[in-house]
Amino acid sequence: MQRTLGTCYYPEHWPRETWEEDARRMAEAGLTWVRIGEFAWSRLEPEEGRFDWDWLDDAIAVLGAAGLRVVLGTPTATPPRWVVDKHPDMLAVDEQGRPRKFGSRRHYCFSHQGYLGECRRIVTELARRYGRNPHVAAWQTDNEYGCHDTILSYSDAARAGFRDWLAQRYQSVDALNRAWGNVFWSMEYDRFDQVDLPNLTVTEPNPAHVLAFRRFSSDQVVRFNRVQVDILRAHTDAPLIHNYMGRITDFDHFKVGADLDVASWDSYPLGFLEDRVGAPPERQRAYARQGDPDFQAFHHDLYRAVGRGRWWVMEQQPGPVNWAPYNPAPLPGMVRLWSWEAFAHGAEAVCYFRWRQAPFAQEQMHAGLLRPDSAEAPGLAEARQVAAELAEAPEVVPHRARVALVFDYDADFAWAVQPHGRGLSYFGLVFDTYRALRRAGLSIDILPPDPDALEGYAAIFAPGLMHMAAPFKAALAESDALVVAGPRSGARDLDMAIPEGLPPGLPGADLRVARVESLRPDMPVPLSGGGHVLHYREELEGRLDTIIAAEDGAPFAVHAGGHLYLAGWGDEDALDRVIAWVCDKTGIEVLTLPEGVRVRDTGTERFWFNYSDRHAATPAGPIPPAGVLRRPRA
Amino acid sequence: MQRTLGTCYYPEHWPRETWEEDARRMAEAGLTWVRIGEFAWSRLEPEEGRFDWDWLDDAIAVLGAAGLRVVLGTPTATPPRWVVDKHPDMLAVDEQGRPRKFGSRRHYCFSHQGYLGECRRIVTELARRYGRNPHVAAWQTDNEYGCHDTILSYSDAARAGFRDWLAQRYQSVDALNRAWGNVFWSMEYDRFDQVDLPNLTVTEPNPAHVLAFRRFSSDQVVRFNRVQVDILRAHTDAPLIHNYMGRITDFDHFKVGADLDVASWDSYPLGFLEDRVGAPPERQRAYARQGDPDFQAFHHDLYRAVGRGRWWVMEQQPGPVNWAPYNPAPLPGMVRLWSWEAFAHGAEAVCYFRWRQAPFAQEQMHAGLLRPDSAEAPGLAEARQVAAELAEAPEVVPHRARVALVFDYDADFAWAVQPHGRGLSYFGLVFDTYRALRRAGLSIDILPPDPDALEGYAAIFAPGLMHMAAPFKAALAESDALVVAGPRSGARDLDMAIPEGLPPGLPGADLRVARVESLRPDMPVPLSGGGHVLHYREELEGRLDTIIAAEDGAPFAVHAGGHLYLAGWGDEDALDRVIAWVCDKTGIEVLTLPEGVRVRDTGTERFWFNYSDRHAATPAGPIPPAGVLRRPRA
Amino acid sequence: MQRTLGTCYYPEHWPRETWEEDARRMAEAGLTWVRIGEFAWSRLEPEEGRFDWDWLDDAIAVLGAAGLRVVLGTPTATPPRWVVDKHPDMLAVDEQGRPRKFGSRRHYCFSHQGYLGECRRIVTELARRYGRNPHVAAWQTDNEYGCHDTILSYSDAARAGFRDWLAQRYQSVDALNRAWGNVFWSMEYDRFDQVDLPNLTVTEPNPAHVLAFRRFSSDQVVRFNRVQVDILRAHTDAPLIHNYMGRITDFDHFKVGADLDVASWDSYPLGFLEDRVGAPPERQRAYARQGDPDFQAFHHDLYRAVGRGRWWVMEQQPGPVNWAPYNPAPLPGMVRLWSWEAFAHGAEAVCYFRWRQAPFAQEQMHAGLLRPDSAEAPGLAEARQVAAELAEAPEVVPHRARVALVFDYDADFAWAVQPHGRGLSYFGLVFDTYRALRRAGLSIDILPPDPDALEGYAAIFAPGLMHMAAPFKAALAESDALVVAGPRSGARDLDMAIPEGLPPGLPGADLRVARVESLRPDMPVPLSGGGHVLHYREELEGRLDTIIAAEDGAPFAVHAGGHLYLAGWGDEDALDRVIAWVCDKTGIEVLTLPEGVRVRDTGTERFWFNYSDRHAATPAGPIPPAGVLRRPRA
């Protein structure tokens, strides 16, 4: 497969007379794709039912004439003012009960039927007009579902939708009361229409109630996206894509992705490091101009799974951004490194956001490939270099990893509902595991919690899956892989209750979590032989083959029923020991990598990436800061 | 008196077929009491006026048949959904003006007349049915008044109630204007119905206004509780109890307690340490599995005063809880230590919360004496040991201490209204004093600010009493005890104004606070001879016999008119010096205790408790971590 | 000119029988001025249209008879309850959408027409009655516009006003859409009445939208004040004054000041240090009893500019205040130092707030010159000393500085809208520059961004002017002074867009900001030769004569087109180097001052002030803590 580059372009932002030159320069730089249209509703339909297609026809024609392929976005992330005037209650309501206002973007509630109707109309019109346009080679639905904390809405529309969802799920209110344990504080309902949204309660609401609301909210996104997909499918054969945003876990990307052809994500390594990775300050400082060395790779692997192998980077940071607490410029070479890392992980395309920096509005301080004065910004030279390298270098051959890591959005919901210890999150636990695997030089496949996804791996890591469906438990038990589970595996049943017989309930394993505790950050529990348990710990009982124990004698890593179970949250040393043990058992080779260096194996090659700002010596040779090495695999 | 144990049980949470076995196991473990019913309104009255008594009749019969004595709770802390549907405006409103929602507990405003009527009905029905039941040996009103910040409500009902309360208190609006100094910023009212609740003002509201609202809010709790007491008294002779929550000071427990027979409190040493004690991080870490070594004792002594000698621990932590930022497991032995400490301070009964951990709803991660699978949790063995020891060991004989410490809820309100320095609180000042007294090995009686309570003590500590009524001042002056007052004693008159002639206005003492200042935490003021003043300092004038002075010459501890007055907030060393001086003057013996060891004297014995996680050597012999020693008093 | 002292007095707070004695003591202490009336609306107009002048007639007569000159305040900062009852929607609404409540002060929205009418009436009545009163020698409008975050109101009245303001400014909604770049996220409007206030949007609103709202809000203050000025001018020839509050920058003081005769500000050095200066903790501790050594001087110089040479300190801290997180007592001598520092900077009068500490209401813990018991507080002796010194010492002769510093409220708005890096502010940048100039022993004139204000200076510092109007740019370019600009100079056009041709666009300078970045606080960029760039950095291009470069080679200080341009935020060492270079070029003498010592030159003298709490050796001789030296200029 030919890997390609692209960019995001807003013809409506620029004078008509610049379009040809822009298109020419894009093509000259080696770009293939140009994404357009996703925020242009006010220009496509300036008032209800009056459409203005001329400019978009023209723009597509100009871009196509330059040899570019268009990704056309549906503009539903930015309903114009007149849509909001028509449906004042379409605005999402935040957890404090305040309706959000027009004046930025994503100002809609996924549950609002009236707004959904407006989306149907604009998407239908777009699909009819451009579904067979020869230059429109892909479609994007909406933009960054969930960005700016927009999944959970506490509106009247959401409440009505939630009640319907509950009625369908539980069929009777008695069933709901029983499943949630509403007898606990006389929280029992007589009718579904008494169930409110779980915000602004006196003390915490029932975790079963909150989890149900999170699942409902996730399903509303799936429904919203599917409405667009169904319309587009009727008018086009081009692939359908959504651009997910990094570390947004408020809805199930696998479920949205199942309706689409290609997954994509928006990769802002420096913005994410400051805003979302949650790294300690010294790591934030060390990688301030490079980004976290594992955060991008994690998302690459995640979206390869979401896209069932087909995925893009739809927006790639090309310079400083505007939205993080601090917005430094990338180390020279990082734009190239980020691009190649995406390809090494299997990306079909990498598109830089955006072509030219806008001098106005919210993102005026967000770099583009061009500066506002149309001169080249530093990122463009690196993009051009990547394009040249793509043209010359051997193809990147896909590769199935030997190690897999399960990611389950529902588990993330459950942890968010009940972190048990301050600051704990499922994402954090999985990402710590991912980082440890990468420190060992491993390439990883991320998997959904799907019984059919498990075949062919030597080892499967599945930490923190708070609810595990019986078929998935069975599939893990039957897998040939060494499965690493815990902590909190199977800790809750489908309705957020502790299961009968105690967790984790893994088939074939005589193993029970007798008690759990969460720990202050200054209370690490030392392990015999090195490493510590942090944050969260479980007391186990059953027939335990202890691999690693705490100095106080309590088992930390136990072998039971063919699984390795971890009874707590391990620090770096503890996870390194676990991975060393697993790799030893499964015959997987482990590397010792210099600080900041990471590898990724493809079918034929090993890529080496240097995220540090210093030269590093590797077995593959010296590698400069921001450097990339490609070596044939032994 | 025979000290007893008990537990909290929710028959409505468990299948009917488990009740006999549960009751049998409770009795077998040596428990006497079982508290039930306090959250069961939705099961007792599933719809308005339709009562379902059968299950409760049955449960009481089963428990009684096993030899257990029932504490029956009124279920008014958890009004069911239909009650809220009937009275939508009964929900409390928070300081931001947001009505709180159904879905947890304590979702009522104390001022709502309609809800009060519902409470009257359910309590009347309960009292009629069970007032003479031979197994119902005590009653609990509601549950944890004030928990989850529920005393101060900014609802329409509260506003109407506040205006009535003001009208009764001040009689004329001119009197109110004068008392509050409303001329200050043209804040004068023409009618009582112009007075709003003191939230959401542009800058701070008048402190007199806020203090009045806090007093009103406290009085509403007294009224609410009294309605239940009056009903219950008409139908039962069993003792009436309320279970107060630790470090809730938003209403006057002495005033609620005056209507009841027994005080009780809910003791969660590990949860409180993480969430409420306010200890520095190193102390939080050192005692993370034991709890603060003085926090439980303080509340024991406080509720002994609130109960006029009769008090219980109604809920005792038996393992990890669910609600603190971090929820560790107790050090083995602590459940026993906590129980014995309560008895040493005079508790009649200690009840563990709860019998069996619930697998569902908000407290699913709160340990019980049984695990969710009905196996024994670690706490049960310790409870059983305490029961055995109670049966064998000599009776705990009450004891009047030689040192008293005054605690005044009204002073806590006043400090909360006007802390003057960030983070300062009356509770913090009193607790620092209490800790210092305990470090010196003293046993302490806590007293209300009641002129009749002062007799028989060698020394009375009364710090921080911002308003002191004239009779109480006079009683202190006439007391034979050495009285230790200040800082902020008598700093305000009844309506929160600085009194004429300046504070403290202690009879017989030529002493005035000429000026005060609050200090950054990094500005300790060194005292000559050791110790520092922190946070808050007063400049004194008058005829001063200085006992301790600052290095800058300003008096810190002065002897005046028979009182020792402290012109600031002393650190540990300063308070130790003050206590040494007081004990020297009054002939009270002082001990030097190892870190984490505390003592409590009864009429015949001295108890030694080791809160540390290390062995300690004491004059009474070696004591292991979590150890308890009983020794006859010399 | 004879410099004078005064105080703030509230006859309505005190019994009539104390007024003569108070007046006598004021005069005896050497005070000239007494400000009264500014919070007395409820006493002047107890109900609508019923006025009670007798007490004020009397008070003015008593004060005048003692030889005092009255500053009479309009009481519009404290509308009484009945005014709010009449106009319930006059209350300002905060950014969260909550109406603010009656019960403190400043509870009005500047945009409310009904309230403006009430103000017109009370001011007219006051002006008619006292405009020609011989004792009323000055007037104060309202009190501390902007205190307690009261400029930005999100009320219906503000929204309506904003739409009108926009319509007048842009004339057509298309012009607004173009100017703001509303095409960006389909934010285009069809009518002005679709534009909402920029709060509660999903993510950040358009910076152009927010800047417009801030400018509108500032203009509303100007309009509100002008209404009062126009009325007062019709009835009196006495000077009109407003008392601005320290570090309130939410409205343009120059524009308000243009309508008045004298500027004044309220100086609370200790409160400001704790609450507003933003000093690091070690500086806060070192100066906790003295105040920041540059903060007062900065405001003195600022208000000298706002008052076009005529300015007062209307409220001077005389002891501990009540409103900061911590409220220490001043070091003895500081009240005198603060007073003399104001005179050295050109103040005509310094009035102490307040005469007697009020025992009631919100400011009961705010010191006065008298204690609540009417005894002298420590501040009074220092005030008396200043009065004596004023009587004896030579006159303070005005002086035009050689160095000027531009302060532009509009730039502060723009930075607040778009700080780009967390915690960055225009005020912080300008104040860092001011501090550096003071460390070098320089006296400074602060200037508005006015082309006509630039004449006569050797050097003009103009950092951070995000929008620079063309005439001002031209005036700077034509100035004989060495102009120091950057960072962020001219970074935006009038409507908050990046200007064509890139910033800064300084006439005659071949200089462009090619890219910017903001930096974590732990990422200082070292400069060759000493110092660092912090927080924010620009990449320059053009014909650059680099004076100071970073170790990575990037220019920091460049000489271009007669300007010195700074491409980043310099730390102390970097700014010291810049100032040394500028002073060397311009022949200005630089001093090396001991820690905490500052100087101020008048026409004939050099004043030395010691803000430290230690003795210091200076070229002018030794100076004790809180000491003041006056020396003839060489």
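The model described here is predicted: local features need pLDDT of at least 70, side-chain atom pairs count only at pLDDT 80 or more, and totals for chains, interfaces and linings use all residues. Residues are numbered from 1 along each chain as its sequence is written, chains are lettered from A in the order in which they are written, and side-chain values use heavy atoms, without hydrogens and water.

The side chain of Glu47(C) forms a salt bridge with that of Arg50(C), at 3.2 Å from N to O. The term denotes a side-chain nitrogen of Lys or Arg within 4 Å of a carboxyl oxygen of Asp or Glu. Arg50(C) is also partly exposed, at 42%.

A further salt bridge joins Asp57(C) to Arg129(C), with an N to O distance of 2.7 Å. This pair links distant parts of the chain, 72 residues apart: Asp57(C) belongs to helix α3 (residues 54-65) of chain C and Arg129(C) to helix α5 (residues 113-130) of chain C. Helices are DSSP runs (H or I, at least four residues), numbered from the N terminus. Asp57(C) is partly exposed, with a relative accessible area of 26%, and Arg129(C) is partly exposed at 39%.

## A buried pair in chain B

In chain B, the side chains of Asp301(B) and Arg304(B) meet in a salt bridge of 2.7 Å, N to O. The two residues are about one helical turn apart because they stand three residues apart in helix α12 (residues 295-306) of chain B. Asp301(B) is buried, at 1% relative accessible area, and Arg304(B) is buried at 13%.

Over all chains, the search of the whole structure finds 174 salt bridges. A network of salt bridges links residues of chain A, among them Arg283(A), Asp292(A), Glu341(A), Arg435(A) and Asp576(A).

## The interface of chain A and chain C

Chain A contributes 57 residues to the contact and chain C contributes 46 residues, where contact means heavy atoms within 4.5 Å. Five salt bridges are counted between chain A and chain C. In one salt bridge, the side chain of Arg289(A) meets that of Glu517(C) at 2.5 Å, N to O. On the side of chain A that touches chain C, α2 (41-44), α4 (81-86) and α11 (281-286) of chain A each supply at least two residues.

Methods
Buried < 20%, exposed > 50% of the residue type's maximum accessible area, 1.4 Å probe, protein only.
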